[in-house]
Amino acid sequence: MAKSLLLISRQSPWSGPGAREALDIILAGGAFDLPIGLLFLDDGVHQLLPGQNAKAVQQKDLSANLQALPLFGIEDLFVCADSAAERGIDTEALGLDGLKVLTAPDIAALIDRYDQVITL
Amino acid sequence: MPTLHVLSHSPFGDNRLASCLRVLGDKDALLLCGDATYALQSGTAPFARLQATGLKLFALAEDVQARGLSAPDWAETIDYPAFVELSIQHDKVNTWL
């Protein structure tokens, strides 16, 4: 039985390569059929905002990649309720299907449940 | 499945410490190394926050010494072999990169 992996992505999509690298790890894990989960925490919740325009800063958009996660078998997607609230983000308006909104105690239990955790 | 959380960034530069404390499980432990040990400076907000949690707190002794800090009695300073031991004792290590 493969070990399960939780990836905690806590960087904004425009602050550097962190967000994209987290996504690369997730997709690599998915390709090997690892039981894998992705949690958006802190500034990582900014990756989920609709209406981003990567071209304005001559970069590529992460949104399309995020939308494609279920196609790669990655369906355990979570977002931290506190992180979203602090940033004035309505989790109802986030455009990612199957995204589960978790409170701090939920997240503690989530981390507990996985075999391995990577925070980027 | 207790987790050892490892912080290495200054608590004054970002919100890793705050977020880590928020999602810490009952049986989890926290290890401070590198600039994260600046949280042990008494009289600061991170110091007060750590003291109030009453969690199992460890700090890498050489990083504490290098910075001229002294750990309070509610934090245990450890060396690298003890860090390895601590990593093995916990089910997993979550390093807040």
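User: Among contacts in chain B between residues at least 6 apart in sequence, what percentage joins residues at least 24 apart?
Analyst: This is a predicted model, in which local features need pLDDT of at least 70 and side-chain atom pairs count only at pLDDT 80 or more, whereas totals for chains, interfaces and linings use all residues. Residues are numbered from 1 along each chain as its sequence is written, while chains are lettered from A and ligands numbered from 1 in the order in which they are written. Two residues are in contact if their C-beta atoms, placed from the backbone, lie within 7 Å. Among the chain B contacts between residues at least 6 apart, the part that joins residues at least 24 apart is 63%.

User: In which order do the elements of chain B run from the N terminus on?
Analyst: Helices (H or I, at least four residues) and strands (E, at least two) are DSSP runs, numbered from the N terminus. Chain B has four helices and five strands, and from the N terminus on these run β-α-β-α-β-α-β-α-β.

User: What is the radius of gyration of chain B?
Analyst: The radius is taken over C-alpha atoms, and the globule rule is 2.2 Å times the number of residues to the power 0.38. For 97 residues that rule gives 13 Å, and the value for chain B is close to this, so the chain is as compact as a globular protein of that length, with a radius of gyration of 12 Å.

User: What is the strand order in the open sheet of chain B?
Analyst: Two strands pair if DSSP finds at least two bridges between them. The open sheet has five strands with parallel pairing, in the order E4-E3-E2-E1-E5.

User: Which strands of chain B stand at the edges?
Analyst: Each edge strand has a single partner, so one side of each is left without a neighbour in the sheet. In chain B these strands are E4 (75-78) and E5.

User: Which residue of E2(B) is the bridge partner of His5(B)?
Analyst: Strand E1 (residues 3-7) of chain B runs parallel to strand E2 (residues 29-32) of chain B, and four bridges join them. The partner of His5(B) in E2(B) is Leu30(B).

User: Which residues of helix H4 (residues 104-113) of chain A are buried?
Analyst: A residue is buried if 20 or more other C-beta atoms lie within 10 Å of its own, exposed if 12 or fewer, and partly exposed in between, with C-beta atoms placed from the backbone. The face of H4(A) turned away from its buried side carries the exposed residues Pro105(A) and Arg113(A). The buried residues in H4(A) are Ile107(A), Leu110(A) and Ile111(A).

User: How many residues of chain A are in contact with chain B?
Analyst: From chain B, 13 residues take part in these contacts, and the number of chain A residues they touch is 13.

User: Which elements of chain B each supply at least two residues of the side that touches chain A?
Analyst: The contact between the chains involves 13 residues of chain B. The elements that each supply at least two residues of this side are helix H1 (16-23) and strand E5 (92-95) of chain B.

User: Leaving aside neighbours within four places in sequence, which residues are in contact with Thr119(A)?
Analyst: Thr119(A) lies in strand E5 (residues 116-119) of chain A and is buried, with 24 other C-beta atoms within 10 Å. Thr119(A) and Leu7(A) are 112 residues apart in sequence, yet 6.0 Å apart in space from C-alpha to C-alpha. With the neighbours within four places left aside, the residues in contact with Thr119(A) are Ile8(A), Arg10(A), Asn94(B), Thr95(B), Trp96(B) and Leu97(B).
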